[in-house]
Amino acid sequence: MKNEISAAAVSTAGATEITENDLLVEQAYEALAGGDGIAAGSNGVVNKNAPDKWEKWKANFKRRGWILVFILPALIYVLIFCYVPMYGILVAFQDYGVGDQIFGPSTVWVGFDNFKAFFSNPNFGDYFVNTFLLCFLGFIVGFPLPVVVALLLNSLRSKKVKKGLQILYYAPHFISLVVMVGMLKLFFGADGLFAGGEDFFIKPEAFRPLFIFSGNWQDFGWSAIIYLAALAGVDPALHEAAKVDGASRFRRIFSVDLPAIAPTIIMLMVLSIGNLMSCGYEKVLLMQTAGNLPTSEILSTYVYNFGLKGDAGYGVGTAAGLFNSVINVVLLVIANFTSKKLANQSMW
């Protein structure tokens with residue numbers, strides 16, 4: 001008789017537990033679907049007087065809203081200098097001249113005529129290929145270099161040597177572009193130290209190596225800071241466990257350090273691919289000569305020379321810049337999609 005009573009009690013308790021679990025599951029589904037302010041209390045009873053999402057958001061904003069003050073200057077900067085000037089892309093669809101109105105009754109809209117004029121330029125293919133090769137080769141050489149340098153610096157035992165090398169690698173970043181090009185001319189110009197009586201600045205085949213390697217020498221140490229910061233967060237216990245397993249210093253770089261900074265590498269690679277077609281025109285113009293024009297004339301210098309100088313074709317120059325920006329956006333979307341599928345890391 002006692003056994004039957006115990007079995008019945010256990011059965012009743014199990015049924016009660018199942019009922020409560022089912023109730024909790026239903027409430028969870030309701031919460032995921034946006035349950036209209038209905039919440040469950042600690043006893044499993046639905047409380048219809050719980051605050052809705054808007055009330056919770058306002059309460060959280062009152063408690064933590066002051067944090068937004070820190071990012072407010074950055075938001076204002078981006079809004080003023082990045083978003084507000086974007087209306088200028090409308091010039092690409094207008095016959096615009098100095099003093100004309102972008103919005104107004106006198107605005108002359110020409111549709112895609114500026115793009116047609118740009119694409120029909122006999123040198124368009126050369127400009128595009130020069131831009132792609134200069135940026136792509138710079139990416140191939142320049143992106144892995146800071147990663148390698150950061151891994152090697154992080155593996156050094158002597159802190160003094162590490163700090164000394166860091167200063168040595170960071171210093172070129174603070175050299176201005178004008179000084180950098182002046183140094184290149186002192187080394188590789190007509191009377192340069194390593195020129196051997198030749199002027200590499202008038203040779204088209206020498207422009208890309210000089211531009212790429214000088215740029216990477218100037219920036220690789222500074223770019224390595226992000227990876228060094230990521231490596232500083234690696235748990236030392238992982239290295240200790242790898243040592244116990246007999247892993248060498250070189251092996252620990254590939255088994256511990258590299259996987260730890262892999263998300264950072266992927267994110268920066270996606271951002272770099274998004275700027276793949278943006279070489280910048282300042283250094284190119286400083287290094288540009290009549291002799292190296294076949295390889296140094298790129299899309300950004302075309303925008304400068306044709307849009308701001310010469311015939312002052314503001315519409316065609318803006319169309320060329322917009323075309324370059326659209327390519328960067330497409331590359332960014334493709335890189336982000338590929339990263340999300342292959343590495344489960346993405347920007348959005």
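Helix 6 and helix 9 cross in a right-handed manner, a crossing being right-handed if the near helix is turned clockwise from the far one by less than a right angle, and left-handed if anticlockwise. The model is a predicted one, in which local features need pLDDT of at least 70 and side-chain atom pairs count only at pLDDT 80 or more, whereas totals for chains, interfaces and linings use all residues. Residues are numbered from 1 along each chain as its sequence is written, and side-chain values use heavy atoms, with hydrogens and water left out.

The axes of helix 6 (residues 144–154) and helix 9 (residues 204–232) come within 7 Å and cross at roughly 55°. That makes helix 6 oblique to helix 9; angles under 35 degrees count as roughly parallel, over 145 as roughly antiparallel, 65 to 115 as roughly perpendicular and the rest as oblique. Axes here are lines fitted to C-alpha atoms, for helices over the stretch in contact, with angles from 0 to 180 degrees between N-to-C directions. Helices are DSSP runs (H or I, at least four residues) numbered from the N terminus. On the helix 6 side, the contact (heavy atoms within 4.5 Å) is made by Leu145, Pro146, Val147, Val149, Ala150, Leu151, Leu153 and Asn154. Helix 9 answers with Asn216, Phe220, Ser223, Ala224, Tyr227, Leu228 and Leu231. By class, twelve of these residues are nonpolar, three are polar and none is charged, where Ala, Val, Leu, Ile, Met, Phe, Trp, Tyr, Cys and Pro count as nonpolar, Asp, Glu, Lys and Arg as charged, and the others, Gly among them, as polar.

Helix 6 also meets helix 11 (249–274). Their axes come within 11 Å and cross at roughly 135°, which makes helix 6 oblique to helix 11. This crossing, too, is right-handed. Val147, Leu151 and Asn154 of helix 6 touch Ile253, Asp257, Leu258, Ile261 and Ile265 of helix 11, and the contact comprises six nonpolar residues, one polar and one charged.

Attention now turns to the open spaces. The largest pocket has a volume of about 910 Å³; of its 29 lining residues, Gly138, Phe139, Asn216, Asp219 and Ser278 are the closest to its centre. A pocket is an open set of points on a 1 Å grid over the protein atoms alone, with protein on both sides within 12 Å along at least five of seven lines, and lining residues have an atom within 4 Å of a point. Grid points are joined across faces, edges and corners, and a volume is the space filled by probe spheres set on the points. Helix 9 gives the largest share of this lining, ten residues, while helix 5 (124–142), helix 11 and helix 12 (282–287) each supply at least two. The lining divides into 16 nonpolar, ten polar and three charged residues.

The second largest pocket holds about 430 Å³. Val303, Gly321, Leu322, Asn324 and Ser325 are the closest to its centre among 20 lining residues. Helix 14 (299–308) and helix 15 (314–343) are the elements giving two or more residues to this lining, and helix 15 has the largest share, with eight. Eleven of the lining residues are nonpolar, nine are polar and none is charged.

One cavity of 30 Å³ or more is counted, a cavity being a set of points where a 1.4 Å probe fits but cannot get out. The largest cavity has a volume of about 40 Å³ and is lined by Gln94, Asp95, Tyr96, Asp100, Gln101, Ser106, Thr107 and Val108.
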